[in-house]
Amino acid sequence: MTMHFLLLFSRQGKLRLQKWFLPLPERERKKIVKDMTTMVLSRKPRTCNFLHWKDLKIVYKRYASLYFCCALENQDNELLALEILHRYVELLDKYFGNVCELDIIFNFEKAYFILDEFLMGGEIQETSKQSIAKSVEASDMLQEVRH
Amino acid sequence: MSDVVEKTLTALPGLFESQTGAAKITNRLRQLIKSITELTSKHEEENLIKRELSAIKEQVSSPNTTMKQMREIMVRAMYCEMLGYDASFTYIHAIKLAQQGGVLEKRVGYLAVSLFLNEGHELLLLLVNTVLKDLQSTNLIEVCMALTVVAQVFPKDMIPAVLPLVEDKLSHPKEIIRRKAVLALYKFYLIAPNQVQHIHAKFCKALSDKDPGVMASSLHIYLQLIRESPDSYKDLTGSFVTILKQVLGGKLPVDFNYHSVPAPWLQIQLLRILSLLGKEDQSTSELMYEVLDESLRRAEMNHNITYAILYECVKAVYTIHPKAELLEKAARCIGNFVLSPKINLKYLGLKALTYVVQHDAKLALQHQMTIIECLDHSDFTIKRETLELLFRITNAQNVTVIVEKMLDFLCYVPIKTLTFAPDNSWFIQTMNDVFSIGGDLLQQDVPNNFLRLLAEGKPEEDDQLRLYAVESYLTVLKGHTSHLPQCFLQVMSWVLGEYAHLQESVDRREVIRLLTQLLDQRSVSSETRVWILSALTKIPEGQTDLILDLAESLSSSQDTVLRQQAQELRHLSQDSQLREWVLVENSCAVDSSLSFLDGFVSEALAAGAAPYKPPHQRQEELSLNLEPYSFSLPVSLSSCSITDRQSPTLLSVSSGLSGNSAELSTLILEGVKRVWGKDGYLPQKEATAPPVDEPSAAVQPASQQEAAERIEPRPEPSTQNQDKQQLASSLFVGLGVGSSVSLLGKSEAPPPRFRKKPRPHESSSSSGTSKRSSDSSSHSSRNTTDSFLYGSFPEEEPATSISTFDHTPKSTTANGLSQNKDTKEDRHANTSQILGGDMVIVRPSTIQDKHPPSVSSDLTALLPADLKDLPHSDVISLTSDPSLSLSSCRLFRDEALLLVIFISNCTETVIKDVAVQLTCEELKVCTGNVMDCLEARSTSVCHYALLMDDPHTNVSLTGTVSYQTQPGHTNTLPFSGTLSTADFIRPLVVTTEEYGKLWLSLSHDVKQNLKLLTDAGDPLRTTLNALKDALQLHVVDIIGSEGIVACRLLSGAPCLLHCRVNGAALAMWLRSPHPALPDFILYHCQRALAHH
C-alpha cells in the first residue's frame, strides 16, 4: 500500500495541499498536479472513484468543494485507499471541528501536521483518531507552554 | 467570508503569541490568502505573488527578523510555492529555522524542508546535524519531528549518518517513537535495503511489540521482506495467523476500530502477508484455511472497508494452495462485487475477477453479461479494467475479438482524452502509435475523426498541433515506410498535403520527394496512391519540375484513376491561375442553407413539383396511407410472420424436422443469430451441466446450409442486447468446462426421459399470487418476484379462442416459413412507434389516464394489429414495482409460441434504457431487448417467438428487466415464469390414410389408461373434445369405440394418439419419432382430464 502522493485541490483546480511520498523533480510534480486536476475534475458524476494514470491508480473523492486525490500502485486496494482519504477527512474534522475548505486554506500547515501523524513514508502510521489528535495537540500545547 | 476567516484564525492559537507584533504578522498571511482568493485573473495573481515574494526576500535577509517572524514568513513562502511560484531563496532559511528555532519554529522549519527539498537536494546536507541533535533530544516532540523528516526526505547516502540513532529508537519507551522509528526504517529499507540488513532481528522484536500500533507498523517491513523471499519467513506463518485471529476476535483496543470494523488496515496487511506465504505451499496454506474462512465470514457487507477486506481475502484464497470450500465462498463474494450496483464495488469486482481468472477462467463465464455491459460502460476506468480482464482470458478462439475490442478502446481513448492530453507532441505520438499498431484493423472513423480534429481546429490555436503532426510525419516517412499500414499513410499524406506549408523550415521538395517515394512502393495500395496524389496536388506551386516528372511517370500507369489524377496534376501545376481557382488556400465557406438552389427549387415548384417535406413528416403520411391497405390484407396475415427476420433460424429448425429433430433444442428469438453453441455463450449453469445437455454441435453438419445462412449478416440492425450476447459468445469462447468434451457426445446420448408427477400445489398457490399481484401491480415492492406458472392451470386456457383458432393445414415438412413477409404495418400509426422491429411503444389514448393499465384485458388491446387476432392466453402479471410493471401473455401462432411481454411505465416520467433479459435454460436461450426510453404512462410490447425442440413438462423462464429512472441509476427487477409443453403443441392435420402410414413408421410408443369422461352421452367424443380443447390436438377420425388424434410439437415432431374405450377407462397408445414426446403429451392429457 505505498501511496505515491496525496493532493488536495479545490473544484477550481487550486492546489490546497500536496504530499509527495516518493522523490520527484519539481517539474514532474507540477505536471502531475496539472494532470490530476484536469483528469479528476473532468470526471462525470456517477463514475467510479478510480482512474488509471500511467502505471498507477488514482483514487479520488470529493468532500464538499475539495477533492482528495492519491496515487497507488496497481496491486493496491483502491477501496482501502478511499477509506484512508475518508479517515484523513475525519481527522481534519476532529481537529478543526466541522472542517471546511477555508480551514485548510488558512491553516494548511496544520493539515500537514495531521497528515504527518497519520501517514509516514506513504504507509499508514496510526489509524486511531484519538491518538493522532492527541499527538497533534500535544505539539500544539507544548508550543503554547514554551511561550 | 470575513467571519469565516475570523473563525479560522482563532483556531490558529500558535499565531497569537503577542498582541502587538504577531497580530501584524498574522495580518500579512491573512491578507495574502484573502487577496489571492479574491483575484480573478492569473495575471493579477502573478503580480501579487511577485510583490509578496520580494517582500519576503527583503524580510529574510534583514538581520532584525526574529525567529517568530521567520516562521510566519516561511508559512507564506510555502503558500507561494504551493501556488506554483519559485521561492527557492527561502530554502536555506527553512533549514536555519529548523536548526535554530524553538520547537514551534522547528516544526514549521521541518515542514518547509520536507515540502521544499527533494531527496537529494544539496541543502539537505546542512540538515544532518540538526536531525542528529533532535534525535537525541529529550523532548519527545523534537524526536518525532526528526523521525518524520528523516523518513520524508533523507536520501540513500545520508542514511548511514542517522541509522544508529533511528535503530536505537526501536527500544524507546514511548510507543509513538518506536512506531515512527519502525516506519523510518521501512522507508530506509525501500531506498537502501542493504543498509538495514543487519537489523532484521530487531524487526522481529517490533513484530512482537506489546503495542499493536508498533506491531502493525512492522508489518509494512515484513510484507516487503516476504514479497522478496517468502521462504525465509514461513516459520512466522503461525504468528501472523494468531494475530489475525486476535484482530478478528476483537482483541485489539477499540481505538483501532474503524467504523466498528476491528483494525481493517492491519487485517489487510496480514491477509497480504498470508497470501504470499501460502502461495504454492500446501502445508503453510493449511495453517491459514481456518482464519481465512473466518475472515470471509466475519466481514459483513455493510461498509466499504469490509468490502476492501473481502477483496483481499478473496485474493488470498485464490493465491494460496486451493481449498474447494474456500474457493466457492470466495467466488460467491466476487459475485457480490460484480453484481453490485455501486460502481466502485463493480470496479473492484472486475479487478478481483481479473486476478481470479488466471486461476479459474470459468468464473468469467458466470459474469459474462456483466462483463459485456462493463465493456460498454461510459466510465473509462471500468472499461479499461474490463479489457484487462479480457486480456487474461484470451485464448486461441477469442483472440481476434478481444484484440479488436482492445484496439477500439485504444483508438477511442486518445481522441476522447485529447481535451486533457498533456501536450501536442504526446497526442500526435500516441496517435502515431495507434495508427502504426492498430493499422488497418482500425475502424474507418478513427482516422476520420483524427483528421477532422486537425482540420476543424482554430487556425491560431491548432496550428501548433498541425505543425507537430507535420514534423512527426516527416520523421516517420524518412524512416522505413514499407511496414506502415495504409490508413496511416493516408492520414500522413493528407496532413502533409494540407499543412506542410505551415512549417516554414520544411523544404517542399523534400515533402514531394518523400511522398513520391511512397508511390513507388509496391505495398502501397491504389487507394493510398490516390490519397498521396491528392496531397501532392495541394502542395503549393513552385516545384513544377518534380511534379511534371511525376505526372510523366504516372501517365503510363495501368491504373486509370491514377492516370487521370496525374493528368490533373500536370494541368494544375502548369496553369497557376486555374490552380488558384481550384485550390483555395483557406477552406471555403459552406452554404448550409443551400440557398444557391433557390432558383432551381422555385422553377421546380412552378412546374408543379410537390414541396419538400422533412423525413419525419413523410413517414407520418406514409403510415397514414398504409392504413386502408392493411385492412384489406388477407386474413392469413395474422398467421404471417412478424418474425420474418428470424427466418434463417427457423429454417435451421425446420431442417431438423426431416432429420433428427429430437436433438435440436432451439428457442427462436427475433433477429438473433443462433450463436449458442457448445463453445459459445451459454447461460451460467450450462457451463457446469453434463455434456448431454449441451446444445448439439453435431446437428450442424446436417444443416450446414442453414448455418451458412445464419451467419450471413442481416441488413436489419439487431438490438443492442443481442449484439452483446453475440459478443459474449465470441469473447467467452473456449472458457467452459465443456470445451474439452467431444462434440459428438450429445447426438449419441438419448435425451433424458422423465415423467414428472403432477404438481397440484403449484396451481393453487401461484394462481393466488399472480392474481393478487396483477391487482396490486403498481403497489408491490420492487423485490417482489411473483412467479407465474403457465399451463399449470388449464382452466385458464382460452377455450373459446382455441375454437376459433385458425387451423390452417400445415404439413410438417412444408411449413412455409421462408415465405413469411414483413407485415409489420402498424395500425396504431399515429400513436405507436416501432423500436428495433419487435418492440412497440403504445402511448395511452389520453394523457389524463393516470392509472397504470393493471387490468389484464386492457393489455391485449395493445398487441400489434397483426397479432391481435391470434388466440392468446390470459394476461398474467409477471412482476412490478412502483415504476414499472411487467405482464405477459402467450400467443399461439402456427409456427411458434409467441411470448408477449408488456412493459408498463407506471410513473409520470420517462423511464430510460429499459432492457428485458430473458433466459430459459431448457430451451437454451438467453436473449435481451433494449429500448432507449419508455414514455410516462405508456406500455411497450415486446414479443419473443419460442420453439421447443426437446420436450419438457414445464420449462421455466427467468428474466430481469433493468431500467433507469435517473441517469446512471439502474434498477433491476427479476421475474420468472413457466411454459408447458402444451403451449408448444399444435394440431397436426392429416387424413386417416396418412395417419395409418405415419403410425407404422414411428418407433417410440407409450401406452396408458386414462380417465374417461362419462358425464355425457358419447364418452369417447366428449373426452377427445376435452383433450382437443385443452391441448390443441387434431381429432382425425372416430370409428366406433376407437379414436385417432394427431398433433405435433411446434418444431415438427409429430405425435399420434390412438384411443380406445376400454371399460371405464380410455386406453391411450401414443407414438412419435421423438422418444420423450409421448410421455409429455400423455402427462398433459392426464392433467387435462383430471381438471375437467
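How many helices and strands are there in chain B? Chain B has 45 helices and 19 strands, where helices (H or I, at least four residues) and strands (E, at least two) are DSSP runs numbered from the N terminus.

The model is predicted, so local features need pLDDT of at least 70 and side-chain atom pairs count only at pLDDT 80 or more, while totals for chains, interfaces and linings use all residues. Residues are numbered from 1 along each chain as its sequence is written, chains are lettered from A and ligands numbered from 1 in the order in which they are written, and side-chain values use heavy atoms, with hydrogens and water left out.

**Exercise 1. Describe the burial and contacts of chain B as a whole.**

Step 1. Of the 1092 residues of chain B, 54% count as buried; buried means under 20% relative accessible area, exposed over 50%, and partly exposed in between (1.4 Å probe, protein chains only).

Step 2. Consider contacts in chain B between residues at least 6 apart in sequence: 68% of them join residues at least 24 apart. A contact means heavy atoms within 4.5 Å.

Step 3. Helix α20 of chain B (residues 368-375) gives a local example, with seven of its eight residues buried. Among them are Met369(B), Ile371(B), Ile372(B) and Leu375(B).

**Exercise 2. Characterise the contact between chain B and chain A.**

Step 1. Chain B contributes 76 residues and chain A contributes 79 residues.

Step 2. The buried area is about 7,100 Å², of which carbon and sulfur atoms give 57%. Buried area is the accessible area (1.4 Å probe) that two parts lose on being put together, summed over both.

Step 3. On the chain B side, Met82(B), Arg107(B) and Trp265(B) lose the most area to chain A, together 12% of what that side buries.

Step 4. Six salt bridges are counted between the two chains; a salt bridge is a side-chain nitrogen of Lys or Arg within 4 Å of a carboxyl oxygen of Asp or Glu. Glu117(A) and Lys180(B) form a salt bridge through their side chains, at 3.4 Å from N to O.

**Exercise 3. Locate the largest cavity and state what lines it.**

Step 1. A search of the whole structure finds 19 cavities of 30 Å³ or more. On a 1 Å grid over the protein atoms alone, a cavity is a set of points where a 1.4 Å probe fits but cannot get out, and lining residues have an atom within 4 Å of a point.

Step 2. The largest cavity holds about 250 Å³ of space; grid points are joined across faces, edges and corners, and the volume is the space filled by probe spheres set on the points.

Step 3. Its lining has 20 residues, and those nearest the centre are Ile124(A), Thr127(A), Ala216(B), Trp265(B) and Leu266(B). The elements that give two or more residues to this lining are β7 (123-124) of chain A together with α12 (212-228) and α14 of chain B. Helix α12(B) provides the largest share, six residues.

Step 4. By class, the lining has eleven nonpolar, six polar and three charged residues. Ala, Val, Leu, Ile, Met, Phe, Trp, Tyr, Cys and Pro count as nonpolar, Asp, Glu, Lys and Arg as charged, and the others, Gly among them, as polar.

**Exercise 4. Determine the setting of Gln269(B) and of Ala263(B).**

Step 1. Gln269(B) belongs to helix α14 (residues 264-278) of chain B. It counts as buried because its relative accessibility is 5%.

Step 2. Not counting residues up to four places away in sequence, Gln269(B) touches Leu219(B), His220(B) and Leu223(B).

Step 3. Ala263(B) is in the loop between β2 and α14 of chain B. Ala263(B) has a positive phi of about 35° although it is not a glycine, and at 4% relative accessibility it counts as buried.

Step 4. Ser260(B), in the loop between β1 (257-258) and β2 (261-262) of chain B, also has a positive phi, near 60°. At 65% relative accessibility, Ser260(B) counts as exposed.

**Exercise 5. Explain how two salt bridges are placed in the sequence.**

Step 1. Glu90(A) and Arg87(A) form a salt bridge whose closest N and O atoms are 2.9 Å apart. The two residues are three apart in helix α2 (residues 78-96) of chain A, so about one helical turn separates them.

Step 2. Asp281(B) forms a salt bridge with Lys234(B), the closest N and O atoms being 3.0 Å apart. Asp281(B) lies in the loop between α14 and α15 (282-298) of chain B and Lys234(B) in the loop between α12 and α13 (237-248) of chain B, so the pair ties together parts that are 47 residues apart in sequence.

How values were computed
1 Å grid on protein atoms, 1.4 Å probe; cavity = no way out; pocket = protein on both sides within 12 Å on 5 of 7 lines; lining within 4 Å.
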